[in-house]
Amino acid sequence: MKLPKLQIDPGRVSRAEHDILHGGALTPVGQVFAFHLAPLLEAAGATSPDDLNLHELLVQISIEGLWQMRTKHTVLVGYIPGSEAVPVVRLYLMSRRELPFGNFTAAVSKCPGYMESGRDFIRGNRTVPLAYWEYPCSAYALWSASPQGVPFLDSELTGFESGGSRYWMIHREFEFFSPDA
């Protein structure tokens with residue numbers, strides 16, 4: 001059974017501020033979690049920042065963090081891939097409201113390569129959405145459609161256990177839309 005595309009309204013999950021270091025443009029802000037790239041690639045069994053195994057590991061971390069956080073606000077989690085020049089993966093949470101990050105931080109800080117977290121601008125030439133949370137208990141693992149088909153259909157990643165709790169993921173294709181369009 002193929003579920004319809006999940007419609008994500010960017011206005012519900014992002015807040016922007018003037019980025020004076022980059023021309024004063026309005027730029028989304030969120031809570032950013034930095035990871036060294038090499039330990040993440042090793043933990044995922046991945047060979048590059050674009051490897052699907054890395055995406056699956058980050059989805060798993062994100063879903064666990066969202067379930068632990070259990071916020072009443074809509075949240076989008078994504079990441080900015082690392083590169084040879086900048087070997088850091090930046091996992092980010094965006095929401096229109098202030099979020100309680102303590103439980104999310106506790107979940108993601110167990111991951112290999114975790115360095116630090118803090119509020120920052122979400123900038124970069126590539127951002128990859130990972131998960132979408134809607135209160136009270138819907139956490140969706142996000143996957144972009146590709147010409148080769150939907151990658152999660154072949155994935156064995158349906159759920160995982162952590163800290164004695166079992167987490168299940170609902171995999172969805174998604175698209176962003178504007179209610180004004």
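The model is predicted, so local features need pLDDT of at least 70 and side-chain atom pairs count only at pLDDT 80 or more, while totals for chains, interfaces and linings use all residues. Residues are numbered from 1 along each chain as its sequence is written, and side-chain values use heavy atoms, with hydrogens and water left out.

Helix α2
- In helix α2 (residues 37-44), L37, L40, L41 and A44 are buried (buried means under 20% relative accessible area, exposed over 50%, partly exposed in between, with a 1.4 Å probe and protein chains only).
- These buried residues fall within an arc of 100° seen down the axis of α2, so they line one face of the helix (the arc is that of the directions from the helix axis to the C-beta atoms).
- A38 and E42 are exposed, on the face of α2 turned away from its buried side.

Helix α3
- Of the 18 residues of α3, 14 are buried.

Aromatic pairs
- There are three aromatic pairs in the structure (rings of Phe, Tyr and Trp, its six-membered ring, pair if their centres lie within 6.5 Å; planes under 30 degrees apart count as stacked, over 60 as edge-to-face and the rest as tilted).
- The ring centres of F33 and F104 are 5.2 Å apart and the planes are at 45°, so this pair is tilted.
- Both F33 and F104 are buried.
- The rings of W67 and W133 have centres 5.3 Å apart and planes at 90°, so this pair is edge-to-face.
- W67 is buried at a relative accessible area of 16%, and W133 is buried at 0%.

How values were computed. Helices (H or I, at least four residues) and strands (E, at least two) are DSSP runs, numbered from the N terminus.
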